[in-house]
Amino acid sequence: MSYPAEIKRVGNHELRISWDDQHESVYPITYLRKECPCAECLKFRNQPKSSLRVISGPVYETVEVKEMELVGNYALNISFTDGHNTGIFSFDYLREICPCPFCKTP
């Protein structure tokens with residue numbers, strides 16, 4: 001398991017994590033909001049796909065980080081400006097969803 005060596009909020013639109021294995025992840029805040037691991041968001045993302053779907057989820061384009069705090073030594077809790085604050089992003093999960101081209105290559 002990799003651990004963050006540094007966690008840095010870059011303005012209102014990015015979170016940058018330098019990992020202890022020298023990898024760097026840059027997460028757009030809108031991406032993190034879409035990938036929130038809380039039960040409510042997982043339920044929304046895992047709805048069965050159909051030809052007619054009512055979308056009642058939040059609009060992510062304008063969301064920013066309102067507050068961010070460590071949870072123990074294993075995760076971040078991020079409060080977003082859309083009022084959502086129940087997602088606890090474990091360091092394992094953050095590394096798993098790293099959006100860089102190296103991590104996204106199968």
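Student: Which residue in S2 stands opposite arginine 9?

Tutor: Leucine 15 stands opposite arginine 9. One caution first: this is a predicted model, where local features need pLDDT of at least 70, side-chain atom pairs count only at pLDDT 80 or more, and totals for chains, interfaces and linings use all residues. Residues are numbered from 1 along each chain as its sequence is written, and side-chain values use heavy atoms, with hydrogens and water left out.

Student: What makes S1 and S2 a pair?

Tutor: Pairing needs at least two bridges found by DSSP. Strand S1 (residues 4-10) and S2 are joined by six bridges and run antiparallel, so they pass the rule. The two form a hairpin with three residues between them, and glycine 11 in the turn has a positive phi of about 60 degrees.

Student: How do you know that S2 and S3 pair?

Tutor: They share five antiparallel bridges. One example: isoleucine 17 has serine 25 of S3 as its bridge partner. Their hairpin has four residues between the strands.

Student: Why is glutamine 22 called exposed?

Tutor: Exposed means over 50% relative accessible area, buried under 20%, partly exposed in between (1.4 Å probe, protein chains only). Glutamine 22 has 72%, so the label is exposed.

Student: What is the order of the open sheet of three strands?

Tutor: The order is S4-S5-S6, with antiparallel pairing. Strand S4 (65-71) and strand S6 (88-90) each pair on one side only, as edge strands. S4 and strand S5 (residues 75-80) share six bridges, and valine 65 has phenylalanine 80 of S5 as its bridge partner.

Student: How many helices and strands does the protein have?

Tutor: There are four helices and six strands. Each is a DSSP run (helices H or I, at least four residues; strands E, at least two), numbered from the N terminus. The pattern along the sequence is β-β-β-α-α-β-β-β-α-α.

Student: Which residues have the most contacts inside the largest nonpolar core?

Tutor: Tyr27, Leu32, Phe89 and Leu94, in a core of 22 residues. A core joins buried Ala, Val, Leu, Ile, Met, Phe, Trp, Tyr and Cys through side-chain atoms within 4.5 Å. S2, helix H1 (29-34), S5 and helix H3 (91-96) each supply at least two of its residues.

Student: What does tyrosine 27 touch?

Tutor: Leaving out residues up to four places away in sequence, its contacts include Leu15, Ile17, Trp19, Leu32 and Leu94. Contact means heavy atoms within 4.5 Å.

Student: Why is the pair of phenylalanine 89 and tyrosine 93 called tilted?

Tutor: Rings of Phe, Tyr and Trp (its six-membered ring) pair if their centres lie within 6.5 Å; planes under 30 degrees apart are stacked, over 60 edge-to-face, the rest tilted. Here the centres are 6.3 Å apart and the planes at 40 degrees, so the pair is tilted.

Student: Phenylalanine 89 and tyrosine 93: buried or exposed?

Tutor: Phenylalanine 89 has a relative accessible area of 0%, so it is buried. Tyrosine 93 is at 17% and counts as buried.

Student: How much of the protein counts as buried?

Tutor: Of its 106 residues, 32%.
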